[in-house]
Amino acid sequence: MAIKLINNLSQPLKTAALFVAHNEKASGLSTTRFIQDTATCLVPKAVFSRSKEDLAENTFLELSESALVYFAPAFLGEKVFRKIYSKTLSKEAKNLVAQSASSLQFSKNPICKKILPLKAAIALSALFIPLTEFTLNYFKNLMTLKLFKKSDFNNIANLTQTKENQDFQKKVEKSAKKNIKRAASIFCGSLALGALIAHKGSDSKFLQKISKLILTPGSMFFKKNSKAEKFFNKYFSLDFASEKGKLVLSKGQLTATVLIGGAGYFGASKDRGRQNFLETLFRFPVVGFYIITGSELFEKGFKKILLKKGLCKETINKNLKTPLFENLYETAKRIALQKNTSIEKEFQKLAKQKVFIFTIPFLFSIGVMGFFVAGISNLFTKYRFEKSRQKIQQPHVLLGDKNPSKTFEPFFR
């Protein structure tokens, strides 16, 4: 019924409403979300790309990072490791695997004592996601080196074009391969620990404590501080979240991906030169914070402002939740009966509110976190590069060098 009412809206509102409704349905559709979010992140970077190498690197990173977020959790958690570790469980026990660790650890059901170690083992398998994220920038360095024969960021970012140093290239390649192997070794170790916890966890108090540390770190360290406990359980647990009984990426896993992946970002950028490292230092904290919790804070803050001003009361409840488009028909029907108006009129009003609530954060994500951050980051990199060249030139000018442009010879060779 909601779709029929959407189709009766004016064309601009209809288009926006269909987009929002599709976005809501796509929350469980990995392919749709992959395409949408990759395009949202990649387009700004493509617009501000500084060379074909820069464009290739950003395309590789955005595609691979989105694939990790939207495909790896469901594949590893739900289709592989959940089936492996819950193979011998009863049907009832298998369903418990998708429940939160916080609820299971206080359950009086004796089977939960066995479920928690299994959940910890499954969670450890999810370290594949942040560890792979860690390696992506090293793979990117190798890709650019092999395809374009470049390792100097100044050349890649088109700040200058100098002859590539072969020793420098070997150093970048060696570092990339070493860190990729290091991440693979850590993942193998996490799988081994997971297998041990799954096999012996229910009989070992020590392994049970490790399981709780993996699943509910807040409950381990902040039992007397409920706010801190809730915060750390949300943002630092490696446990999967659950959506319709299936395992999906959690906030804690996302935090681990950003933080561990960030180490890869900084390490790989440092290998390629000072300007690459400084650009990462400028951009990553802003984007990382927004990914982990900034977008959520912005949306909540925006909804609070709307409520404070008396706007969108029908579509934002006290918990700052908004009904799905498919549920707006019932709300419109209820309001129409109260006001003695038509359902179509009330639905149109609700649709406008829903579109407005969704559009502002969405445009902020594209405009500010996409185009602005990408553009200003590139601008500052160019500015820092020019300032560094001026500092190199200055001593020669003070000493009376009649041809200070020789100082820049390496940059234009």
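Modeller: This is a predicted model, and in it Gln275 is buried, with a relative accessible area of 6%.

Colleague: Where does Gln275 sit, and which residues is it in contact with, leaving aside neighbours within four places in sequence?

Modeller: Gln275 belongs to helix H16, which covers residues 274-308. Leaving aside neighbours within four places in sequence, Gln275 is in contact with Phe153, Asn154, Thr381, Arg384, Phe385 and Ser388.

Colleague: Staying with H16, how far apart in the helix are Lys300 and Glu296?

Modeller: They are 4 residues apart, about one turn of the helix, and the side chains of Lys300 and Glu296 meet in a salt bridge with an N to O distance of 3.3 Å. Lys300 is partly exposed at a relative accessible area of 39%, whereas Glu296 is buried at 18%.

Colleague: What about Glu57 and Arg272, and where in the chain do they lie?

Modeller: Glu57 is in helix H4, while Arg272 is in the loop between helix H15 (251-271) and H16, so this pair links distant parts of the chain, 215 residues apart. Their side chains meet in a salt bridge at 2.6 Å, N to O. Glu57 is buried, with a relative accessible area of 4%, and Arg272 counts as buried at 2% relative accessibility.

Colleague: How many salt bridges does the count come to?

Modeller: The count comes to 16 salt bridges.

Colleague: And how many disulfides, since I always ask about the cysteines?

Modeller: The count of disulfides comes to 0. As for the cysteines, Cys112 is buried, with a relative accessible area of 3%, and Cys312 is buried as well, with 9%.

Colleague: Changing topic, which residues of helix H5 are buried?

Modeller: In H5, which runs over residues 72-85, the buried residues are Ala72, Pro73, Leu76, Gly77, Glu78, Phe81, Arg82 and Tyr85. They lie on the same side of H5, because they cover an arc of only 165 degrees around the helix axis. On the other side of H5, Lys79 and Lys83 are exposed.

Colleague: What covers the buried residues of H5?

Modeller: The cover includes helix H4 (52-70), helix H6 (91-96), helix H8 (112-125), helix H9 (128-148), helix H11 (166-200) and strand E2 (246-248).

Colleague: How many residues are in the largest nonpolar core, and which have the most contacts inside it?

Modeller: The largest nonpolar core has 42 residues, and those with the most contacts inside it are Ile115, Ile122, Ile197, Ile214 and Leu215. The largest share of this core, 9 residues, comes from H8. Apart from it lies another core, of 17 residues, among them Ile6, Ala21, Leu350 and Phe358.

Colleague: Which residues does Leu215 touch, not counting those up to four places away in sequence?

Modeller: Leu215 touches Ala101, Leu116, Lys119, Ala120, Ala123, Ser237 and Asp239 on that basis.

Colleague: Last topic, the aromatics: how many pairs does the count come to?

Modeller: The count comes to 20 aromatic pairs. One of the aromatic pairs is Phe134 and Tyr138, which is tilted, with 5.5 Å centre to centre and 50 degrees between the planes. Both residues lie in helix H9, 4 residues apart, about one turn of the helix. Phe134 is buried at 11% relative accessible area, and Tyr138 counts as buried at 3%.

Colleague: And Phe231 with Phe236, are those buried or exposed, or in between?

Modeller: Both are in between: Phe231 counts as partly exposed at 42% relative accessibility, and Phe236 is partly exposed with a relative accessible area of 38%. Their ring centres are 6.3 Å apart and their planes stand at 55 degrees, so this pair is tilted. Phe231 and Phe236 also belong to one aromatic cluster, together with Phe222, Phe232 and Tyr235.

How values were computed. Residues numbered from 1 in each chain as written. Predicted model: local features only at pLDDT ≥ 70, side-chain atom pairs only at ≥ 80, totals over all residues. Heavy atoms only, no water. Buried < 20%, exposed > 50% of the residue type's maximum accessible area, 1.4 Å probe, protein only. Helix = DSSP H or I, 4+ residues; strand = E, 2+ residues; numbered from the N terminus. Arc of directions from axis to C-beta. Contact = heavy atoms within 4.5 Å. Core = buried A, V, L, I, M, F, W, Y, C linked by side-chain atoms within 4.5 Å. Phe/Tyr/Trp six-rings, centres within 6.5 Å; stacked < 30°, edge-to-face > 60°. Disulfide = S-S within 2.5 Å. Salt bridge = Lys/Arg side-chain N within 4 Å of Asp/Glu carboxyl O.
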